[in-house]
Structure formats: structure tokens, C-alpha cells
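Welcome! Have a look at the chain first, then try each task before reading on.

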Amino acid sequence: MAYVAVRGGAEAIEASLEHLQYERVKDGAFVAVETLQATMRGFLDQVMSESSLYSEQLAALAMKQSEGNVEEAIFLLRAHRSTLPRLYYSTTTDARSMFVLRRISASFKDIPGGQILGASHDYLHRLLNFDLLQETVEDVAAQKAEFEAIEVPDNSVLQLEKLPKVMDYLRQEGLIREFPENDAEPSDITKESIAFPTNRSQRLQTLTRGQTGTVTSLGYAGLRGYGASHPTVGEVRVGWQSIHVALDDGDDPYYIGAIKLTEVESFIPVNVNGEDKQVVEFDVGYGACFGQNETKAIAMSIVDHALEVGGDTAIHDEEFVLLHIDTIESTGFISHLKMPHYVTFQSKLEQMRAIKREGKML
């Protein structure tokens, strides 16, 4: 493939950029980054997840700069991320220590600690709320005060920390397929490009920063028969996960903050060769994403298991999946088609004209 460098169009490009800035301000409206950060958590969670950078403020800034264009916001944040020094790696973290905001299971109605519905659009009628067209700052303050005035019942036993995992109970019954423990150092795909075959850490990292729509579509394809994994969601857990780093000073790891995280463990029944007969056990598909990204995390757990067990269809093909789900790579390659292809197109055109003049078939 060959391209022609764009020359002689500097003034036109400058004018295009000025026009772009004008489009953002032409209505005279202003929105503060703080306002976006406070009100657009779903957008920010998606952008942080796909850009692999946890910063609500910078995600809000990218949203403002990109005028709400998701792929452009992710591009901005991913580019900024590439300029940051990587000073430390966090220690291994366990979602059992999560401060839970939401926790549901599709496998069991009653789970230890209870199902915690939290804040979710799942239980809404998808009808436009036209009252929001007239919403004022006073309305927001009144609604906030009303919710915060709700008192916790004295007999409440609600526990939000150190909740056990649903998977642990199946494991205690010997119903989870066991694998040898793997303590290998995880790879870092942001520093070293993946090569095939990949290891589990490379696959999980690529999936968690994958484009939400693409990961979801692949998971959906798996459910529709293009994969061998049809799971039952064991647990969706959303909450604040503490992060620690360890220094070489001999002290305990240092707490550096907490990130909002969605973790999913899905159960997939599989036939396993026992001592003298085949038995059915559960495999676990795993998904984890920055922010509250439940659909993506569930789809990730489906694709994770599909890649782990292998198969004949596309979602079992790690090269097909991992090389096509990255937002920057996929949108970038599609967008490059807008670049001048004068040389290649003229070459094809001349070839076609010559064939037509000579009466030959292509």
C-alpha cells in the first residue's frame, strides 16, 4: 500500500482546525469539565476502560475536547497515557476486599451477604424522561438532599466489605474444574507487543481495553452458536478496589488509592475426564473492566473462556479476536482510508482502463 504525503494544503488544514473549534463553541454554550465528571459516569467509565487510564478528570477533559466523540476521546486519553512514566506495578489485588456498590448473581437467588442491586439502569423503563428538559440546579439539590436523608434501618445487616465470592462455594463442593496454580509474572502488553500464541495475562489485558461494542458483539456471537461457551453469570461485582504498590524498603505495600471496578465470573459446564468416568464440572470465564461496565465485563468472560478452551469458530481464534478488538487500532485503520491513496488508486485505474481498451476480462 502506498500513500502520498499531504502537501500544499497547510492553509486548508489550518482552516479546518479553526472550523472544528468553532463548531464546539458556535452556540455559545459552556460546560465545565467538573460538570461532565459529575454527570457522565457511564461515558467516562467506557473511555477509561478502553484507554487503559483511570482518571475521571482526564476522561471528562477528553470528552469535552472531542465534543462527545467516544473514539476520539479514547484516542486522546490513550495518547496521553503513552507519555506517562510507568513508575510502579501494583501488587496483586483481590476483589474479595472490594467495597461493594453492586453485587448480583444470576446463578443463585440467595447468596451469602445478599444481592445488592446498587445503582443500575437494569430496572428502568427505557422511556425518555422529559422532566429533565426543565431540570434546574435547585431540583438537583433537592433530589440529592432527599436521597441522603434516607436513614439506614437500625436492624440493617447490610455488609459492603469483604464479601465472599459465589464461586468459592462451588469450589468447596468440588464443582469448579481445578488447574495448576500459575504464579508466572504477568506480561505487560503496553510495553511489549503480543505474539501468538499468547498467555492468559496478555489475553485478559487485551480484552479489558478492547472496544466495548466489539467485545460485546463477540460475546453475543458466542451465545448465538459461534462459540462453545454459554455461561450462567455467577457474580457481577461493582465497587471500589483498593490499589497498593510495594517498594524495596521492606515495609508493607503502600495504599495509593481506589478505582471503581467491575468484575464478572461466569460458570460454564464442561465435561471432564474423572478417574474412571466423565463428570461435569464448571469452568470460570473471567471479565474485569475499569468503572461500571457490566455488559462488557460479562461479554469479556464469554470470550475469555472461548479463547481458553479453543474451537473452530472465530471467537475461539485468538489472532482474530485480539487483533481486531482494540479501539485505536480498528478505528485508526478504518480512518486511514480517508488519507490520500492517489498512487494506488491511479495504478488500479490505469490497469482497468488498459484491460478495457484491450477487451480483456479482469
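**Exercise 1. The whole chain**

Of the contacts in the protein chain with a separation of 6 or more, what percentage comes from residues 24 or more positions apart?

Solution. Start with the meaning of contact: heavy atoms within 4.5 Å. Residues 24 or more positions apart account for 66% of the contacts with a separation of 6 or more.

Before going on, note that this is a predicted model, in which local features need pLDDT of at least 70 and side-chain atom pairs count only at pLDDT 80 or more, while totals for chains, interfaces and linings use all residues. Residues are numbered from 1 along each chain as its sequence is written, and side-chain values use heavy atoms, with hydrogens and water left out.

**Exercise 2. Confidence and overall make-up**

Find where confidence is lowest and highest, then describe the chain as a whole.

Solution. Step one: pLDDT is the predictor's confidence in each residue, from 0 to 100. The protein chain has a mean pLDDT of 93, with 97% of its residues at 70 or more. Confidence is lowest in helix H13 (residues 342-358), with a mean of 91, and highest in helix H4 (residues 56-65), with 98.

Step two: the secondary structure consists of 13 helices and 4 strands. Helices (H or I, at least four residues) and strands (E, at least two) are DSSP runs, numbered from the N terminus.

Step three: along the principal axes, the C-alpha atoms fill a box of roughly 85 × 70 × 55 Å. The chain has 362 residues, of which 33% count as buried. Buried means under 20% relative accessible area, exposed over 50%, and partly exposed in between (1.4 Å probe, protein chains only).

**Exercise 3. H3 and its two partners**

Solution. First, the tools: axes are lines fitted to C-alpha atoms, for helices over the stretch in contact, and angles run from 0 to 180 degrees between N-to-C directions. Angles under 35 degrees count as roughly parallel, over 145 as roughly antiparallel, 65 to 115 as roughly perpendicular and the rest as oblique.

Now take H5. Helix H3 (residues 41-51) packs against helix H5 (residues 70-81) at about 50°, and their axes are 9 Å apart. The two helices H3 and H5 are therefore oblique to each other. Residues making this contact include Phe43, Val47 and Ser51 of H3 and Ala73, Leu77 and Arg81 of H5. Sorted by class, the contact of H3 with H5 has 6 nonpolar, 2 polar and 3 charged residues. Here Ala, Val, Leu, Ile, Met, Phe, Trp, Tyr, Cys and Pro count as nonpolar, Asp, Glu, Lys and Arg as charged, and the others, Gly among them, as polar.

Next, H4. The angle between H3 and H4 is about 100°, with the axes 9 Å apart. This makes H3 roughly perpendicular to H4. Phe43, Leu44, Val47 and Met48 of H3 meet Glu56, Ala59, Ala60 and Met63 of H4. That contact of H3 with H4 has 7 nonpolar, no polar and 1 charged residues.

**Exercise 4. Around valine 166**

Is valine 166 buried or exposed, and which residues touch it?

Solution. Valine 166 is part of helix H7. With 3% relative accessibility, valine 166 counts as buried. Leaving aside neighbours within four places in sequence, valine 166 is in contact with Ser105, Phe108, Ile111, Gly234, Glu235 and Phe267.
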